[in-house]
Amino acid sequence: MAKKVGIEAAIAIAEAAALADVDVVSAYPITPQTHIVEHLAHLVADGILNAEFITVESEHTALSAALGASLTGARTFTSTSAQGLALMNEIVYITSSMRAPVVMALANRALSAPINIWNDHSDVMSVRDTGWISIFANNAQEAYDLTFMAFKIGEHPDVLLPVMINFDGFILTHVIEPVVLFGKEDVEGFLPPYDHPYKLDPDRPVTMGPVGLPEIYTEVKKQQDVAIRSSRSVIDAVFKEFAERFGRKYSAVETYAIDDAEVVLVTQGSVTDAACFVVDEMRKRGKKWGVVEIRLWRPFPFDDVGSALTSGKIKCVVVLDRAISFGGPAGIVMSEVRSALYHVPNRPIVIGVTSGLGGRDIMFEDYVRMFELGEEALRTGKEPEMVTIIGVRE
Amino acid sequence: MRKLPTWKELTLAGIITEAGNSVEYKTGNWRTLTPVVNYDECIKCGVCWSFCPEYAWEEGEDSFFKLNTDYCKGCGICAVECPRKCIKMVEL
Amino acid sequence: MIEIRFHGRGGQGAVTSAEILAQAAIMDGKYAQAFPSFGAERRGAPVQAFTRISNEPIRIRIGVYHPDVIVVLDSTLIQSENVFFGLKEGGLAVINSKESPRELKERLGFKGRIITVDATKIALEELGVPITNIAILGALCRGRPDLAKMESLEYFIAERFPHLKEKEIRSFRRAYEEVSE
């Protein structure tokens, strides 16, 4: 029976992996992800979850083992953060290239240096182009639901790609809040058994990850790109089935109060709820502001972003980036938004802001400042190329 | 020339489904010099077999190692490594 | 929405206090949130933990800067940390102290509402260790009975400390009774 309990988001994610009845967990502890794998280790040790828990000496090995396990046909889960993901990086790319549907819970954390264990999106942005499906969760319930759905998406025979569920370190991972947890019987039939068409099997030997000569490599990459683009229809179908069956709706792009909004803030992750709260408060003071969240980061939902940001009365789009592309053209998310709007006639002004780096709280006034920068840009008609870092001491 | 597969025809991630298909790749015609063994001196140690990059030495019924010329590319590693120096590289 | 900020030292269980309070409030049918303020933690260092309780879904995830209630697990923190920072006017301070609220107010020049309890004494007598996180919840429950039901708090205290539950619940109830206002 589904029941609502007060539970830490990290524990809820581990419970989602257990609900999916994972066969293999391969992970190395790193703050703020640790509680997830600790809880899975407990579940395995206590005999509640019948899985192989592979303890490893590094994240590079954690994902290597997960990749191998996944290719034998085992449902596989891993989890990491920041430096752990950086150490995994070589295998991050290989996992998607070898089409292993590993599910990773990424507790988003800043990258060193200076050493910083707190939340921002530097880690996920560093693997933007590695071919993983990447989805953001905004609260513990979403983290639970999306982790569970990730297996169904990644393991779909038309997809066979790894899936990364992003959720903010500490401000989400370590928060106890109400979550509706499923019982096994509630989800009966939702998640089909995982079957890889070429799994490693001594009775039916194949060679995986062979040399790809220049004559072959391009075709493998094209195939991979088509696969992640095509995964979109599976993602939508899984979200739809989940909503029909369990009542909670998820979309590639989420919108809030944009019908009459002139300025909208584009967000990702758990700051979305706070931005919506600010919009509600400021609407009482006559501000027509709204929020658009890019939940699905890869494959990037160009059409959805384009249509959301050109709907209604939107004149200015302020994109909140939680990482920096050093020396790049603009914010990382902002560049994607601009390119989604590039071909649109009379497109809204797009400006970029960066905030909440390395765990610095984004305050109410900071959100207001972001929207006000949008209003300023509208008044002056100036669309700065560079991002403004909110609250940096000058 | 063999037609290369399109991205649609290619197996998932370029996986090779015919296990052990390297036997189809015959490197014997690369050879200019061929190893010839003086079996009177040979002690059946198998050093030629273990060093051969193409697995061209095969152990016979009599435990002597015989050359499979389909795969020997004439590199001469066996002749260098042979502890009895009883393999000579010759032009045939 | 009610915002509570817990001040303790690493190892005293302030995070557990904040979490048990949130779990109890959720069990009572409210929305609640609890999380720690992670720093470079080590045993004995000052730590904070936060709980928010509301009748509506809680949408903010930042530290508590303007608490309705502060809860101080270790009286030495009053000297070294500004535990009263941002406390709302009319807010409540729940402090583990041998001193009476009047003595504390005079000494600190604080005009708001303070309740005190000698949680260290209770913890030492009941548990044998100076871990005050459950005793202080008893005092908090007395000062703000609207946050969570006593039986809900006791349910989660028992769940969290299966081997110590009788002792912990005794210290929780004693602190509730021994509060000075």
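This is a predicted model: local features need pLDDT of at least 70, side-chain atom pairs count only at pLDDT 80 or more; totals for chains, interfaces and linings use all residues.
Residues are numbered from 1 along each chain as its sequence is written, chains are lettered from A and ligands numbered from 1 in the order in which they are written, and side-chain values use heavy atoms, with hydrogens and water left out.

Let's begin with chain A, where the assignment gives domain 1 (3-246) and domain 2 (253-389); such bounds come from an automatic or database domain assignment. Taken over C-alpha atoms, the centres of the two domains of chain A lie 28 Å apart. In contact across the boundary (heavy atoms within 4.5 Å) are 29 residues of domain 1 and 24 residues of domain 2. Together the two domains of chain A bury about 2100 Å², with 53% of it on carbon and sulfur atoms; buried area is the accessible area (1.4 Å probe) that two parts lose on being put together, summed over both.

The rule finds five salt bridges across this domain interface of chain A, each a side-chain nitrogen of Lys or Arg within 4 Å of a carboxyl oxygen of Asp or Glu. You can look for the salt bridge of Arg232(A) with Asp304(A), whose closest N and O atoms are 2.9 Å apart. On the domain 1 side of chain A, helix 7 gives the largest share, six residues; helices (H or I, at least four residues) and strands (E, at least two) are DSSP runs, numbered from the N terminus.

Now turn to chain B. Its two helices and four strands follow the order β-α-β-β-α-β from the N terminus. The C-alpha trace of chain B spans about 55 × 25 × 20 Å along its principal axes.

Finally, look at where chain A meets chain C. Here 27 residues of chain A are in contact with 19 residues of chain C, and the area buried between these chains is about 1900 Å², of which carbon and sulfur atoms give 59%. There are two salt bridges between chain A and chain C. The side chains of Asp280(A) and Arg59(C) form a salt bridge at 2.6 Å, N to O. Strand 1 (3-8), strand 8 (176-181) and helix 8 (271-283) of chain A each supply at least two residues of the side that touches chain C, and helix 8 of chain A gives the most, with five residues.
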